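Keep the view open as you read and find each residue as it comes up.

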There are 2 protein chains.
Amino acid sequence: MEDKQVPNIVVGRLPIYLRALSFLKADNREITSSQELGDRLGISSAQIRKDLSHFGEFGKQGTGYEIRFLENNLKEILHVDRVWDVVLVGAGDLGNALASYKGFADRGFRVAAAFDSAPHKINSQLPGGLMIQDVANLEAQVQEAGWKIGIIAVPADAAQSVANALINAGVTALLNYAPISLITPSTVRVEQIDPAVHLQHLTYYLG
Amino acid sequence: MEDKQVPNIVVGRLPIYLRALSFLKADNREITSSQELGDRLGISSAQIRKDLSHFGEFGKQGTGYEIRFLENNLKEILHVDRVWDVVLVGAGDLGNALASYKGFADRGFRVAAAFDSAPHKINSQLPGGLMIQDVANLEAQVQEAGWKIGIIAVPADAAQSVANALINAGVTALLNYAPISLITPSTVRVEQIDPAVHLQHLTYYLG
DNA sequence: TAGATTGTTAATCGATTAACAATC
DNA sequence: TAGATTGTTAATCGATTAACAATC
């Protein structure tokens, strides 16, 4: 089966499957099964087969999935069979960590530019070698380059205006590390990372 | 209604509600409604009322919710009406960012100790003032202190063994920044933060 | 062939929404 | 009182699971 609008919750699991496949491949494995993947990820094998069936047929009865083949297909489906330029806004500790993060390169992403508003940071270099630019130039630069993905790593009180600027400049995908709920047009997708939110989810289950 | 096993997906939204309430409070607001919260968060008002109804009655018909009252109740429900000590493992860029993160203090968390395995880091200080300790002492120390929450900020290939050590020492809640799916006993809860996974979720929707 | 595992269907389970009586 | 908004019920919608024919 193709088409028919794939549920967002299914899309959200594909990167997890992809990560598991890369892991197996690094372990020199060539074949896997929905059973093995499910055990590893804490997901039922039926769910994995159902999820994949939204996009095509990738396995062989009796055998399972050829890891490289499924990996390549998932990369295509997720559009990470290429490298995306990402704009980083905020060059604090977190921005530094993201700029030098090794995990982006082989998973489809490259931090293409970094911006901050602090005068003493502007024109200095990030660990990765990237020059920090003045956030005042953000919109013009993003628009000209045609970048579509932004990472917001600024304090909460600056996040909404940074988001607005990025969106004005044509960005339609945001990864937001600031601990606020951004208000955005429905044409823009936002993923939120807030460690305190995750920790509070965990403490619910602690006495 | 009380009891009856609250769905995990509901629990996961509570920290978001709490964050929105704190935001409104900082804006000197005293009363809000499920409608206003929903608009702000992109969630239906019915869902917010339903979610809250798992835990009690916190509003007034015709008026809405007293922000401070609901905030306090959510803090109790999530067990963040106290401050939790958190063990940080990994003192790279990300560990540094987490150690100096200002957002933990007033949301129920304190980084109580930091560990790393790199000889040149051990006994040096993190930005927050915390001394980096040898990961060889992790288990003994965590067990003695009785810490229950760990943050894993080490490379992927070290993450599973760090998780094992933490779990051995009594930790039952893990926030994992390493890009692998940890294998853990069912008594342990894991939250995963992997920026590449989030970005790949976003690129699905980009041409 | 015998054994294994897929892709898919139908059944089950669970979550969201709509609607409204209660009531501030 | 009139208007507003809660808490809750029932209906709808959607996602997960179980089961199995197909087939490698």
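Predicted model: local features only at pLDDT ≥ 70, side-chain atom pairs only at ≥ 80, totals over all residues.

R107(A) sits in the loop between α5 (93–99) and β5 (109–116) of chain A. Which residues does R107(A) touch, leaving aside those up to four places away in sequence? From chain A they are R19(A), V80(A) and Y101(A), and from chain B they are P179(B), D194(B), A196(B), V197(B) and Q200(B).

**The layout of chain A**

Chain A has two domains: domain 1 covers residues 8–77 and domain 2 covers residues 84–198. Taken over C-alpha atoms, the centres of these domains of chain A are 31 Å apart.

Now look at α4 of chain A, which spans residues 67–77. Its buried residues are I67(A), L70(A), E71(A), N73(A), L74(A) and I77(A). Where do they point? They cover an arc of only 165° around the axis, so they lie on the same side of α4(A). The cover over the buried residues of α4(A) includes α1 (8–26), β1 (31–32), α3 and β3 of chain A.

Is E71(A) buried or exposed? Its relative accessible area is 2%, so E71(A) counts as buried. The side chain of E71(A) makes a polar contact of 3.1 Å with the side chain of S22(A). Not counting residues up to four places away in sequence, E71(A) touches L18(A), L21(A), S22(A) and K25(A).

**Two residues with a positive phi**

After α4(A) comes H79(A), whose phi is positive, near 60°. Why point this out? Most residues other than glycine have a negative phi. H79(A) belongs to the loop between α4 and β4 (84–89) of chain A, and its relative accessible area of 18% makes H79(A) buried.

N123(B) is not a glycine, yet its phi is positive, about 75°. N123(B) is in the loop between β5 (109–116) and β6 (132–134) of chain B. Is N123(B) buried or exposed? Its relative accessibility is 58%, so N123(B) counts as exposed.

**Around DNA strand C**

Next, turn to the DNA. How many residues surround DNA strand C? There are 25, and the closest are S34(A), R49(A), F58(A), G59(A) and Y65(A). Of the atoms of DNA strand C that come within 4 Å of the protein, 62% are accounted for by sugar and phosphate.

Individual atom pairs with chain B show what kinds of DNA atom are involved. Q61(B) uses a backbone N or O atom, which lies 3.3 Å from a sugar or linking oxygen of DNA strand C.

Several elements give two or more residues to the surface near DNA strand C: α3 (45–53), β2 (59–60) and β3 (64–66) of chain A, together with α1 (8–26) and α3 (45–53) of chain B. The largest share, four residues, comes from α3(B).

**Around DNA strand D**

DNA strand D also has 25 residues around it, and S34(B), R49(B), F58(B), G59(B) and Y65(B) come nearest. Sugar or phosphate supplies 63% of the atoms of DNA strand D within 4 Å of the protein, and the rest belong to bases.

| Residue and its atom | Atom of DNA strand D | Distance |
|---|---|---|
| S34(B), polar side-chain atom | phosphate oxygen | 2.6 Å |
| E57(B), polar side-chain atom | sugar or linking oxygen | 3.3 Å |
| G59(B), backbone N or O atom | phosphate oxygen | 2.8 Å |

Here the elements giving two or more residues to the surface near DNA strand D are α1 and α3 of chain A, with α3, β2 (59–60) and β3 (64–66) of chain B. What gives the largest share of this surface near DNA strand D? α3(A) does, with four residues. By class, the surface near DNA strand D has five nonpolar, twelve polar and eight charged residues.

Key
Residues numbered from 1 in each chain as written. Chains lettered and ligands numbered in written order. Heavy atoms only, no water. Buried < 20%, exposed > 50% of the residue type's maximum accessible area, 1.4 Å probe, protein only. Polar contact = N/O pair within 3.5 Å; in protein donor to acceptor, adjacent residues only side chain to side chain. Contact = heavy atoms within 4.5 Å. Domains from an automatic or database assignment. Near = heavy atom within 4 Å. Arc of directions from axis to C-beta. Nonpolar A, V, L, I, M, F, W, Y, C, P; charged D, E, K, R; others polar.
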